[in-house]
Amino acid sequence: MDTTTIARLLEPFISLDETRLSAISKYIDLLVKWNARMNLTAVRDPEEMVQRHFGESFFGAKDALAQGRIQSVIDVGSGAGFPGVPFAMLEPGIQVTLIESNQKKVTFLRELVFSLDLKNAKVFSGRAEGYAESADLVMMRAVEKFEMALPVALKLVRPGGRIMLMIGSSQVEMAKHLGKQVAWNEIATVPGGHSRVLLRGIKIVKWDN
């Protein structure tokens, strides 16, 4: 896909320079190629990929950067790389760790990071429960078994750090119930009309379980 089309499709979400637009074009090519032989994403149309995956991810990254200083980010259940890889593309000065337990997806993510020459992104092959470090910001987007994944993700947030969830509006109350140690902000509606919202907050007490 050409960069002019990508820029147009991303207009509701973010404005990017030509270097990042070119990287997105390469990313899409890889995603389409790999998606033909394994299920990385149910979205098959490249234009819809731009808006659903890239648009939402960049919108979330821009919002997170506006909330305050970040040095480290963890993307739990990264899958096809969203939202962690767009975050790494947007802010090369921040270290982003992509956690993924599916080995085929891990292989894709490693090829993606190499192809895009993302020096600030690394892939952790395994379950989030097995990752020993914490981060200033932990992100999740459209993960399976959300009610089981969220408590694990919260353990990876350093005290005083932040959690950012890109979830359906119907999942907000569950998130707040599971995340009682988080001071939640007001939700932000993600452009695009897919009922996706940003729910973010600050971890204010230590997770004791």
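Helix H3 (residues 46-67) carries a kink of about 30°, centred on Phe54; the bend at a residue is the angle between axes fitted to the seven residues ending there and the seven starting there. The model is predicted, with local features needing pLDDT of at least 70 and side-chain atom pairs counting only at pLDDT 80 or more, while totals for chains, interfaces and linings use all residues. Residues are numbered from 1 along each chain as its sequence is written, and side-chain values use heavy atoms, leaving out hydrogens and water.

Helices here are DSSP runs (H or I, at least four residues), numbered from the N terminus. H3, with 22 residues, spans 31 Å from its first C-alpha to its last, close to the 32 Å expected (1.5 Å times one less than its number of residues).

Turning to its partner, the axes of H1 (residues 3-10) and H3 come within 9 Å and cross at roughly 50°; axes are lines fitted to C-alpha atoms over the stretch in contact, and angles run from 0 to 180 degrees between N-to-C directions. The two helices are therefore oblique to each other, a class left over once angles under 35 degrees (roughly parallel), over 145 (roughly antiparallel) and 65 to 115 (roughly perpendicular) are set aside. Contact (heavy atoms within 4.5 Å) involves Thr5, Ile6, Arg8, Leu9 and Leu10 of H1 with Glu47, Val50, Gln51, Phe54 and Gly55 of H3.

H1 also meets helix H2 (residues 18-35), their axes coming within 9 Å and crossing at roughly 100°, which makes H1 roughly perpendicular to H2.
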